[in-house]
Amino acid sequence: MTILGIESSCDETSAAVLCDGVLCSNIISSQLFHTEFGGVVPELASRAHLRAIIPVITESLRDASLGIENIDVVAATQGPGLIGSLLVGLNAAKAIAFSRDIPFIPVHHIEAHLFSAFLHERHPPFPYLGLVVSGGHTLLVVVHGVGRYRLLGSTIDDAAGEAFDKVAKMMGLGFPGGPVIDMRAARGNPSAISFARPLMDSGDYRFSFSGLKTSVLYYLRGHATDGVLQIGEKEIDDVCAGFQQAIVDVLVRKSMLAAEEFGLQHIAVAGGVSANTGLSTALRIAAAERGLEVYIPDIIFSTDNAAMVAKLAEMKGLSAAVPDLCAPAFARLSDTLFDENS
Ligand code: KG4
Ligand code: ZN
């Protein structure tokens with residue numbers, strides 16, 4: 001079965017082809033112009049998707065040496081995400097399904113992230129603990145199988161990636177903030193400045209990163225005159241290192257707690273923040289100390305990509321296809337995906 005996956009939930013236009021379980025192409029076009037605005041501008045993102053969607057699909061087919069007539073199934077991200085952006089990919093997928101009379105499988109963005117580990121040969125067995133850390137979401141989920149999840153907790157305010165982006169913006173480091181903070185943190189001293197670690201010892205699986213962001217803001221305000229930062233490059237590296245360490249400590253603490261409480265040996269991390277080198281190192285050390293296995297996807301599969309969309313569609317199977325093509329887009333995390341009792 002040959003599946004065309006399409007993803008356009010935020011600022012990446014992506015199309016991928018999965019042929020009998022083998023990934024034949026995964027084209028990702030990033031909207032770099034958002035950098036100048038310090039964040040994704042939804043209206044501009046939708047327009048950029050409109051320009052990019054057909055060239056990206058065409059390139060993914062070319063890369064896979066296939067024509068549109070070779071596609072058996074088409075899948076696209078339905079949500080959560082920016083509605084205008086989602087509509088572009090969703091409608092492109094529906095148009096292909098309608099004109100070719102092939103099945104269309106709508107895919108949940110967070111669910112796709114949860115299964116991104118399966119794009120690698122080494123992937124976790126069920127059940128496993130899923131830690132999703134992206135620009136819009138931070139959550140811990142027990143994954144019992146496809147469609148069988150138990151949500152343990154999520155963020156009550158900012159997502160981890162959002163905190164990286166906002167803190168980078170405060171220091172004029174550009175957008176997205178994660179990669180640059182990651183790079184500068186590697187040069188800084190994580191113990192030089194201690195920032196707040198909200199809810200770290202709450203004993204549950206709720207996250208909160210807004211207070212951490214505020215504690216960085218206060219530190220920077222205390223080192224600014226007339227709004228101009230008075231600290232040098234070395235101190236900026238230390239702020240990055242201290243901030244990143246705070247996020248990493250919280251994520252690792254809660255992941256280890258969940259693995260222990262629910263007796264899970266395998267932890268799969270997903271979403272853009274899983275590319276963070278401080279997080280991956282700390283998670284691997286903490287897991288090794290407890291005899292646990294950690295799975296972190298390659299960076300092209302951790303940030304938004306269509307390969308994970310095609311993969312989840314394959315794992316869900318044709319029963320997930322919507323016959324009438326009436327799948328709506330949705331902006332927020334749907335409550336229906338996670339059943340507290342499963
Ligand atoms: O999963 P993703 O591509 O998009 C969403 O679904 O949100 O995640 C994007 C987020 C951004 O906030 C970005 O700053 C963050 O992932 N990110 C990182 C790193 N690379 C990307 N955060 C920390 N360290 C990184 N190396
Ligand atoms: Zn994402």
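Student: Which loop is S65 found in?
Tutor: S65 is in the loop between α1 (42-63) and β4. Keep in mind that this is a predicted model.
Student: What is the phi of S65, positive or negative?
Tutor: S65 has a positive phi, about 55°, although it is not a glycine.
Student: OK, cis peptides now. What kind of peptide bond joins G79 and P80?
Tutor: The bond joining G79 and P80 is cis, with omega about -5°. P80 belongs to the loop between β4 (73-79) and α2 (83-100).
Student: And the bond from F175 to P176, cis or trans?
Tutor: That peptide bond, from F175 to P176, is cis, and its omega is near -5°.
Student: Where is P176 found?
Tutor: P176 is in the loop between α4 and α5.
Student: Switching to the ligand. How many residues surround ligand 1?
Tutor: There are 21 residues around ligand 1, and the closest are G135, D165, D182, G272 and N276.
Student: What classes are they?
Tutor: The shell around ligand 1 has 13 polar, five nonpolar and three charged residues.
Student: Which backbone atoms lie by an oxygen atom of ligand 1?
Tutor: A backbone N or O atom of G135 is 2.8 Å from an oxygen atom of ligand 1. For G161, a backbone N or O atom lies 3.1 Å from a ligand 1 oxygen. A polar backbone atom of G178 is 3.0 Å from an oxygen atom of ligand 1.
Student: How much of ligand 1 does the protein bury?
Tutor: Ligand 1 taken alone exposes 550 Å², and the protein buries 90% of that.
Student: What sort of space does ligand 1 take?
Tutor: The space taken by ligand 1 is the largest pocket.
Student: Which elements give two or more residues to its shell?
Tutor: Those are α3 (109-114), α4 (160-170) and α5 (177-185). The largest share comes from α5, with four residues.
Student: Last one. Which domains does the shell draw at least three residues from?
Tutor: Domain 1 (2-114 + 304-337) and domain 2 (126-296) each give at least three residues to the shell around ligand 1.

Note on methods. Residues numbered from 1 in each chain as written. Chains lettered and ligands numbered in written order. Predicted model: local features only at pLDDT ≥ 70, side-chain atom pairs only at ≥ 80, totals over all residues. Heavy atoms only, no water. Near = heavy atom within 4 Å. Polar contact = N/O pair within 3.5 Å; in protein donor to acceptor, adjacent residues only side chain to side chain. Areas by Shrake-Rupley, 256 points an atom, 1.4 Å probe, with all protein chains shown as cover. 1 Å grid on protein atoms, 1.4 Å probe; cavity = no way out; pocket = protein on both sides within 12 Å on 5 of 7 lines; lining within 4 Å. Sits in = over half its atoms within 2 Å of the grid points. Nonpolar A, V, L, I, M, F, W, Y, C, P; charged D, E, K, R; others polar. Domains from an automatic or database assignment.
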